[in-house]
Amino acid sequence: MAELILTTFDWVPDMPRGHVRDLRVRWALEEAGLPYRVESVPFRQRDAGHFSHQPFGQVPWLTDGDLSIFESGAILLHLGNRSETLLPAAPARRAEAVEWLFAALNSVEMAGLPWSMFKFLGYADDSPGWKFLNEFLDARLKHLEPVLAGREWLAGTFSVADILMADVLRPVDRFDGLAAHPACRDYVARATARPAFVKAHADQMAHFAAAD
Ligand SMILES: N[C@@H](CCC(=O)N[C@@H](CS)C(=O)NCC(=O)O)C(=O)O
């Protein structure tokens, strides 16, 4: 089996540490017990080699033999095909995990990311833009809340869908955006208490701290 290599930045500022998306990949690899190695590319100087792996000059990407895969969702789907721990084999459960994986990225992160960025940057005020973002996020969370109140994990057993959904909700939770949605908040706490997350998070923090 080919060696798995996860590429991330060599360094990032303090603010995004613990949230850089290589965390999702580390988490999945740890859950599945797949051996991997981490490589770094410069945060400040992004060369043509970097863009040949990630067309937006971002991270992460994963190398698996001859394959180089960017987009955290695509990487997690790829790993899911290598491990039933990440993606259930039963067709109905597998379809459920895949639909929730896309829901995390395309329905929830789409609302949660700009909301969290406004909070990070101190733009959360009484402007119409902030009001819109609040309502946009609430429109997603109010429907996610009863789903998560009724089940431990999105597709029956823990899967890549939970890695993405929990990681998408984490920045919102960091700014107390889940206070009115206790099932969402408890779900994040449950997911991030898993040993694989704890290790992935500690490893990312250590990786960036090593370059300070
Ligand atoms: N949709 C991409 C987003 C990747 C992304 O936003 N990466 C961030 C780190 S978490 C990045 O590289 N930011 C630097 C930049 O955009 O210049 C994915 O999920 O992989």
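Which backbone N or O atom lies 2.8 Å from a nitrogen atom of the ligand? It belongs to V59, in a predicted model whose local features need pLDDT of at least 70, whose side-chain atom pairs count only at pLDDT 80 or more, and whose totals for chains, interfaces and linings use all residues. Residues are numbered from 1 along each chain as its sequence is written, and side-chain values use heavy atoms, with hydrogens and water left out.

View 1. A polar contact is a pair of N or O atoms within 3.5 Å. Besides the backbone of V59, the side chain of R46 places an N or O atom 2.6 Å from a ligand oxygen, and the side chain of S72 likewise has an N or O atom 2.6 Å from an oxygen atom of the ligand. Of the 510 Å² of accessible area that the ligand has on its own, the protein covers 74% (Shrake-Rupley method, 1.4 Å probe).

**View 2. The shell around the ligand.** Residues with a heavy atom within 4 Å of the ligand are F9, V20, R21, R46, Q58, V59, P60, E71 and S72. This shell divides into four nonpolar, two polar and three charged residues, where Ala, Val, Leu, Ile, Met, Phe, Trp, Tyr, Cys and Pro count as nonpolar, Asp, Glu, Lys and Arg as charged, and the others, Gly among them, as polar.

**View 3. Backbone geometry at two shell residues.** V59 and P60 are joined by a cis peptide bond with omega of about 5°, and P60 is placed in the loop between α2 (48-53) and β3 (61-64); helices (H or I, at least four residues) and strands (E, at least two) are DSSP runs numbered from the N terminus. E71, in the loop between β4 (67-70) and α3 (72-82), has a positive phi of about 80° although it is not a glycine. Most residues other than glycine have a negative phi, and most peptide bonds are trans.

**View 4. A stacked aromatic pair.** The structure holds 11 aromatic pairs (rings of Phe, Tyr and Trp, the last by its six-membered ring, with centres within 6.5 Å; stacked if the planes are under 30 degrees apart). F118 and W130 form a stacked pair, 6.1 Å centre to centre with 10° between the planes. Because F118 lies in helix α4 (residues 91-121) and W130 in helix α5 (residues 128-149), the pair ties together parts that are 12 residues apart in sequence.

Notes. A polar contact is a pair of N or O atoms within 3.5 Å; within protein, one must be able to donate a hydrogen and the other to accept it, and residues adjacent in sequence count only if both atoms are side-chain atoms. Rings of Phe, Tyr and Trp (its six-membered ring) pair if their centres lie within 6.5 Å; planes under 30 degrees apart count as stacked, over 60 as edge-to-face and the rest as tilted.
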